[in-house]
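Subject: Structure for you to look at

Dear colleague,

I am passing on the structure we spoke about, with some notes on what turned up in it. Please read them with the sequence and the model open beside you.

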Amino acid sequence: MSAAPVLCIEHLEVDNRLTVQHLQFYPGQLVHVVGSNGAGKSTLLSCAAGLYAEHRAHVMLRNKPLSEWPLNLLAQERCLLEQGVTCQFEISVREVLNFYGVTTDIPEQLAVALELKSLLNRPITQLSGGELQRVHIARCLLQIWTCISRGEALIFLDEPMQGLDVKYQLAVMDFLTALVAQGNCVIMSCHDLQLTARYATDCVMLEGGRVTASGIKSAVLTAANLSRCFGCEFNLIYSENAYEFYLPRLIP
Ligand SMILES: Nc1ncnc2c1ncn2[C@@H]1O[C@H](COP(=O)(O)OP(=O)(O)OP(=O)(O)O)[C@@H](O)[C@H]1O
């Protein structure tokens, strides 16, 4: 990889939840963080995004520890979609999105990709789970849209596929693929290994709070790694840059 890393994690320890010796992420990567429930994916994304002040010194954004980044500048360079965000106020989707964007216009590319237009005048409290998830993804990206437009953003998404039907899953992944083609870096957790197999450029595999494999997708998504990580029997074929992925079986 010739470009400089956008993010580097060194010697990160979070209680007994997560240990990372060394991880690097580059512009133009779409990284899927995979692992079983409780493996540490959300913890990794939260720490890497700088949510926990006590761990910021171990995360370097563009070669400078997060602990040295003023929070207002950090908020313009990286965004984090967390799981389970709720909004109790009876305000419209447009009002929610305007709060996060630097202008009141919602970028056309974002509105089209996430099919937001029909949602804009609806109260956010009356959306379905999948509709709300699309708004949350948009809200998160709007926060750093200027940086995304320059192709320099770092986008953390914790299970963005949650609640989305298959069409929107593909639409969101296609959109993220377009953003990384502009030079942005996306790091997301994902439980759908079929999507990981199709869309990720790179993967980080976590088991019990430790990184057990990382790097290009074809090196991480092997039957042996997946079977060990998830405790299921995996059957997959990788050839000509594509996977054939069969539903795994529980090990009897
Ligand atoms: N705030 C917290 N305080 C203490 N332990 C926590 C906290 N949040 C999560 N944990 C624990 O840390 C471990 C990692 O949790 P984490 O949420 O990072 O896992 P995950 O891989 O994202 O899981 P899932 O796939 O279920 O979302 C789990 O054992 C969890 O119980």
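In what follows, a residue is taken to be near a molecule if its C-beta atom, placed from the backbone, lies within 6 Å of that molecule. Please keep in mind that this is a predicted model, for which the protein chain averages a pLDDT of 94, with 98% of the residues scoring at least 70. For the complex, the predictor gives an ipTM of 0.98 and a pTM of 0.96.

By that cut-off, the residues around the ligand are Arg17, Gly35, Asn37, Gly38, Ala39, Gly40, Lys41, Ser42 and Thr43.

In soluble globular proteins, nonpolar side chains tend to be buried together. If neighbours within four places in sequence are left aside, Ala48 is in contact with Leu7, Ile9, Val59, Phe156 and Ile187.

Tyr52 sits in the loop between helix H1 (41-48) and strand E4 (59-61). Tyr52 counts as partly exposed because 14 other C-beta atoms lie within 10 Å, whereas a buried residue would need 20 or more and an exposed one 12 or fewer. Once residues up to four places away in sequence are not counted, Tyr52 touches Ser46 and Cys47. Its C-alpha atom is separated by 27 Å from that of Thr201, a residue 149 places away along the chain.

Asp15, in the loop between strand E1 (7-14) and strand E2 (18-25), has a phi near 45°, a positive value in a residue other than glycine. Glu159, in the loop between strand E7 (154-157) and helix H7 (166-181), likewise has a positive phi, near 50°, and is also a residue other than glycine. As for their surroundings, Asp15 counts as exposed because it has 8 C-beta neighbours inside 10 Å, while Glu159 counts as buried because it has 20 such neighbours inside 10 Å.

Definitions and conventions
Residues numbered from 1 in each chain as written. Predicted model: local features only at pLDDT ≥ 70, side-chain atom pairs only at ≥ 80, totals over all residues. Helix = DSSP H or I, 4+ residues; strand = E, 2+ residues; numbered from the N terminus. Contact = placed C-beta atoms within 7 Å. pLDDT = per-residue confidence, 0-100.
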